[in-house]
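User: Please take a close look at one strand in this model. I would like to know what lies beside it and how its side chains are placed.

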Amino acid sequence: MSSIPAVKVDHLKKHFKVYKKKPGFMGSIESLWHREYETVKAVDDISFDIEQGEIVGFIGQNGAGKTTTLKVLSGLLYQTSGSVSVLGYNPWKRQAAFQKQFSLVMGQKNQLWWDVPAMETFLLNQTIYEVPEKQFRNTLDALIEILDVKDIINIQVRKLSLGQRMKCELIASLLHNPKVLFLDEPTIGLDVVMQKSLRDFIRQYNKEFGATIILTSHYMDDVKELCERAIMIDRGAKVFDGQLSDLIDKYARNKILSLAFSKPVQKKLLEKYGIVKNWTGSTATMLVPRKEATKRAATMLTDLPIHDLNIEEIPLEAIIREVFGEENRLHL
Amino acid sequence: MQIRFKVYWRVWKQVAINALQIAFVNRATNALFLTGKTIRFLVMLVFLFLIKNNIRTFAGYTSDQVVVFFLVFNFIDSTTQALLRGVYSFGEQVRSGEFDFLLIKPLNPLFRILSGQPDIDDIIFLIPATIVSGYLISTLDISLSISNVLLFLLLCINSLLIAIALHILIVSIAIITTQVDGLVWLYRDLTGMGKFPISIYADLLRFALFFIIPVGFMLTVPAQVLMGIKPSIQIAGTLLVGVGSLGVSLIIWKKCLERYTSASS
Amino acid sequence: MKKYLRILSLSWQKGLVYRADIALWRFRQFLNSLMSLTVWNVIFAQGNDLFGYSKDQMITYIFIAAFLQGMILATSLHGLASRVYSGEISFLLLKPITLFSYFSTEEIADKIKNVFFVIIESLVLFFLFKPVLIFPEGGQLILFIIWTMGGVILNFIFSLLFGTLGFWSPETWGPKFLFFIFADFSAGKLFPLDIMPEIIQNMLFLTPFPYLSFMQTQMFLGKLDMTQTLHHSIVLLSWIGILSFINHLLWKKGLRSYQAAGQ
């Protein structure tokens, strides 16, 4: 690892002005001469450093400011205040030397030419990024191999499935071997198998090229599997930055017990073992303290007519929801 | 900043070949477009020749000269449309976020936006239309000299600069409003007024078409120079407007880019 | 009734959201009228009778053509084919309202809006050019209004016909562009169709295009006698009949293949 961080964000702020329309016909008429604007603080004073070769996950709810941060880092948006640098460059200046070393992948957006095969976009990108022929072929072959898309790169893009298209998008973004890679919801809309193969690929890319990767995702599995470090953002502010396992240890006090009974069991009977979340008589879901989960399950097995029992971690989503809950707002 | 001409040229070539491929896939549509453009051109010519046969002078110009104004309009308009067609899809590119991908590439985003999809129909149309125009001009009572033709060609390049400047203005506004169609069509109609010499319009409009939206410099002055008529504005002034408007539009582009909000996902 | 008013109001609201676009669009119409009026003023500086038109008749023609463009040719159904292709109209199919009454209501809302703007623009142009306009007598005016309604229906059918293209192809711009070129040429503000050479006129009169504005202007200018009026009324009616029959068939067929494809 080098001493200069790959990504440096210092007191970054990005505010937008948003126009508010009043509902209804009269509202439309009124907006003809009078418009109200509201300032949205999409990113409000965030700082962090990312070392070269790290994979960092951005987590947070919709509209928390994850994508906005990535867009500022890519030079798409001009920050309201603060400073950012990527590989020592100011992204906003959009110098070619910088742009040749990074890439942005957005799961919901296309750069591929819709009406021609993906290969045409690859070739165009080769020209734009000035990738030497030999390197281009090697990278392309490697990417095609890993992503298993040999047969589809010569088919019109509009005829591809979402997953196939996403793989081609990834190739188009990686042909110039970027050192820094921003992935914004790369697995959105993909089925579970495809998600997994993309994750494997991202990990492999990180290892092989020593690339620095920032990833945002809705799917906690993406973050859990790929990122050691997570940065949690809520309403434009950073609320957590550290090891993902710390986050779980810190906030996941409970585990989930799912039970199925061979004979109906009264709710009251269950309540002395933990918090009952759900109860039908023949099934129940309960929360039990993390550290005692196994012990309590064992006692319940001997005490109650249980024919099926399951112990699960609380999903990361739920933890985050809890962390971000109105009453539990953290100020770290 | 070093400009990588070779890269730009190669990118343009590749993009043009792709456009050609797409045009070929949608060949029926493109044939219809080409037919439409041809009909529009021919009908306008019929109209102008009707005028030519029925009246002698047109606001101080001979009726032959009026035909030349239109032919020059058609040449410059088709050329700029052929090269700058990419603007039409820019609104969609901003809304869909495709614009983001243009911004992160090591290539001036304006280059891709403006020249994004060279219009194959216009390029095909331009060849016979130019030949027909040349032939018609040779039959008209117009005196051409080599120096005037050369000056005319120089002014055509200047017109291209003005057209580029106006298109940059359109996309700059579109960055903020994400709507481009209304403005492009306004541009088309404003330049369309240059089918006739701009000097025929009422004072205020004439002033606007020279000094607010420089359509007069783009279309009327080159035609006047071609025919050896004293131009409404001096050639030097016209060239200055070309370079100046490009400079101003680039400043506006930069300012608007700072306010870009990027379509959120 | 209430639901139609609701559609009407919604479509105006949509218009207000895109008010910049509408303002630009109307401004462009205004510029076009301005260009025509200027050109013909220049031309008529040469004499008072050209191409069978007096100056006043020609200027009146431009005003009426501008009005008819907003009334007849402008349509809210431009995007219908892509709405059909993308499957957006399936939502409409589910609602307890027939597709055509929905579209007509949208169209009526659009026309009211257009006419409102055309009147304002015409007033401005009138004060700029202070022309002498020709107005028809009572009977002709009534016939003009009836023919204009006929033109509105004809164009509505055309819009629906273009919509059916969406059942089979995403590429609908080509035919539409050609339609616009013909409509612009046969109903344009720059010049009336009847100054064109005979042969071009004769060819166009084999198509419905002259009935999308040109004949209405001729009625307004009082250029038609009894026999001509009768003849053209019959032709207009026949076109409406023929095209609505084809339209009916194509929608029926299209919707069937639509539902079969499960879009």
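Analyst: In this predicted model, strand β3 (residues 55–59) of chain A is joined to β7(A) by four bridges. The two strands run parallel. One pairing to look for is F58(A), whose bridge partner in β7(A) is T216(A).

Strand β6 (residues 180–184) of chain A also pairs with β7(A). Here five bridges make the link, and the strands again run parallel. L181(A) stands opposite I213(A) of β7(A).

Now the side chains. In a regular strand they alternate between the two faces of the sheet. In β7(A), T212(A), I214(A) and T216(A) point one way. I213(A) and L215(A) point the other way.

Because five of the five residues of strand β7 (residues 212–216) of chain A are buried, the strand is largely enclosed by the rest of the structure.

A word on the chain contact. 29 residues of chain A are in contact with 25 residues of chain B. The elements of chain A that give two or more residues to that side are α2 (66–73), α3 (96–99), β5 (102–106) and α4 (118–129). α4(A) gives the largest share, six residues. By type, the chain A side divides into 13 nonpolar, eight polar and eight charged residues.

Notes:
Residues numbered from 1 in each chain as written. Chains lettered and ligands numbered in written order. Predicted model: local features only at pLDDT ≥ 70, side-chain atom pairs only at ≥ 80, totals over all residues. Buried ≥ 20, exposed ≤ 12 C-beta atoms within 10 Å, placed from the backbone. Pairing = 2+ DSSP bridges. Contact = placed C-beta atoms within 7 Å. Nonpolar A, V, L, I, M, F, W, Y, C, P; charged D, E, K, R; others polar.
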